[in-house]
Amino acid sequence: MLRGKNILLGITGGIAAYKICDLIRQYKKNGANVKVIATPNALNFMTKLTLQNLSQNEVYVQEFDVREWKPEHISLADEADVFVIAPATANTIGKIAQGIADNLLTSVACAFSKKMIVAPAMNCNMWNNHAVQENLKVLQARGVEILQPESGFLACGYVGKGRLCSIDKIFRATVECLSFQTILKGKKVVITSGGTIEDIDPVRYISNYSSGKMGFALANAAKSMGAEVVLITTKDHDAPYKIIKVKSALDMQNAVEVEFADSNIIIMAAAVADYRVREYALQKMKKSEQDSITLELVKNPDILKGLCEKKKSQIIVGFCAESENLIQNAQEKIAKKGCDYLVANDISRKDIGFGADENEVVILDKNGGSYRIEKSPKSVIARKILEYING
Ligand code: PMT
C-alpha cells in the first residue's frame, strides 16, 4: 500500500509517544520508507534506539547536526511525501501555526510544502484552551489535516478530550492522503479567481468583494492532488503553479480561452462583472454641476456559457453567488449556462462567501443531483469539490 512512499514522522514530547512504535511498524509493514524526527522532549518517553530499530533509519533530533551539504531541515522536507506529527503537543502546534522554527521538527514543518497530518494529544484543559483551538484553526485553514483526539481517561488522571486518536486512524489518514496526491495526476485544471475590474477612467473602476480565496483554495487543492494547475486571477498570489494575472472580464476571457483548449477541468470561481462601461474615459472624469450623472454600461461576455458551448471532453464547473433563493436560482443558472456542475454559495452571509475563510456550498449537477458541503474552511470545501466532480 505504501511502497515507494517517503513518510516523515514527527514525534513530540507527550506520553502518547509510546504508542507510535505501532504506527512505525504499520508503515514499515506496508512498504514505506520512514524517517523519524523526535523533539528532545519526545526522547523522555521513547528511546532513540527503539525508533531507529523500528524505522530502520537514523533518527533525527538536533538541528545543526549536519551530515551532508544540504541542511537537514531542508533535505528531510524535500524528500518526504507526507509529514505526520503524532503525538502533537500544544506547544508544537502553536509554534507551527505561528511559523516559529526553534527546533529540527518545527524547522522542517516551516520548510514543508506538501501535506501535513497532525494528531494532537494533551490534557483536556489544554485542548479546550482558546489559543490551542485558534492555532488548530490556523493550521486547518492552511490545509493541514487535524486528527481529532478522543475522549476518555487521560494519562494525567483527568477524564476528557485529549487522548491521541487510534494508531489505525493515523495509518488510514496517511494512506488516504498519499493516494489523494495522485487523484488528478496527468490532468490539467484551470481555475479562475478574484473579482474582475472594469475601469471607468484612470482612477475609478467597477468591481466586487471577491478576495480570490476560494479560487486560491481550489488551485492549491488541485495541485496537492497532482494536477497541472493554471490559476487565472485578478488578485496577487504566489504558489508553485502557473499563475496568469488579469484585470477585466475581457482579459479573463482571453486567458481562459487559451488555457481551456487542452484542459481537463475548468472551475470558474471568479466573480466576473456582468457589465463594463461603454466608453472608458482617457482622462479623469470631472465633477459635473449636475446632481446626477449616468454611466452607460454594456454587457460583458458570459465566459462560462461560452466555454460550455464549445466544450469537448472537459468538465466545466461554475460557481453561483446568490443573496436569496439559493437553490432555485442555482437550478435556473445551471440550465442557462449549460455547465456540468454549479457550486452555489450564499453571499448574503458574512461568515461565508466573499472574503471569508470559510464557505458552505451546494453542488448541483446537470442531471439534477446535488451534494451539500457543510460550513468548513475553504481549503476543505475546495478538496471536497474536486473529489466530487472527479467522481
Ligand atoms: O473570492 P472569495 O472572496 O473567496 O469569494 C468567493 C466567491 C463568493 C466569489 C465564489 O465562491 C463565487 O461565488 N464565485 C462566483 C461569483 C459569480 O460571479 O457568480 P455569478 O452567479 O454571478 O456567476 C455564475 C458563474 O458565471 C460564475 O462561475 C462566474 O464566474 C461566471 N460568469 C459570470 C459572469 C460573466 N460575465 N461570465 C462568467 O463566466
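Author: Two strands count as paired if DSSP finds at least two bridges between them. Helices (H or I, at least four residues) and strands (E, at least two) are DSSP runs, numbered from the N terminus. The model is predicted: local features need pLDDT of at least 70, side-chain atom pairs count only at pLDDT 80 or more, and totals for chains, interfaces and linings use all residues. Residues are numbered from 1 along each chain as its sequence is written, and side-chain values use heavy atoms, with hydrogens and water left out.

Reader: What is the strand order in the open sheet of 8 strands?

Author: The order is β13-β12-β9-β14-β17-β18-β19-β20, and the pairing is mixed. At the edges stand β13 (242–245) and β20 (370–377); each has a single partner strand, so one side of each has no neighbour in the sheet. On average, neighbouring strands of this sheet are turned by 15° against each other, direction ignored.

Reader: How many bridges join β12 to β13?

Author: Strand β12 (residues 228–233) runs parallel to β13, and 4 bridges join them. Leu-231 stands opposite Ile-243 in β13.

Reader: Which strands does helix α12 lie across?

Author: Contact here means heavy atoms within 4.5 Å. Axes are lines fitted to C-alpha atoms, for helices over the stretch in contact, and angles run from 0 to 180 degrees between N-to-C directions. Helix α12 (residues 326–337) lies across β17 (315–322), β18 (341–346) and β19 (358–365), and runs at about 150° to β18.

Reader: Where are the edges of the sheet of 6 strands?

Author: That open sheet has the order β3-β2-β1-β4-β5-β6, with parallel pairing. Its edges are β3 (59–60) and β6 (145–146), each with a single partner strand, so one side of each is left without a neighbour in the sheet. Strand β5 (residues 115–120) pairs with β6 in the parallel sense over 2 bridges, and Ile-117 stands opposite Glu-145 in β6.

Reader: How are two packed helices described?

Author: By the angle between their axes and the distance between the axes. Helix α4 (residues 90–98) packs against helix α7 (residues 130–141) at an angle of about 50°, with the axes 9 Å apart. That makes α4 oblique to α7; angles under 35 degrees count as roughly parallel, over 145 as roughly antiparallel, 65 to 115 as roughly perpendicular and the rest as oblique.

Reader: Which residues of α4 meet α7?

Author: Ala-90, Ile-93, Gly-94, Ile-96, Ala-97 and Gln-98 in α4 meet residues of α7 including Val-132 and Leu-139.
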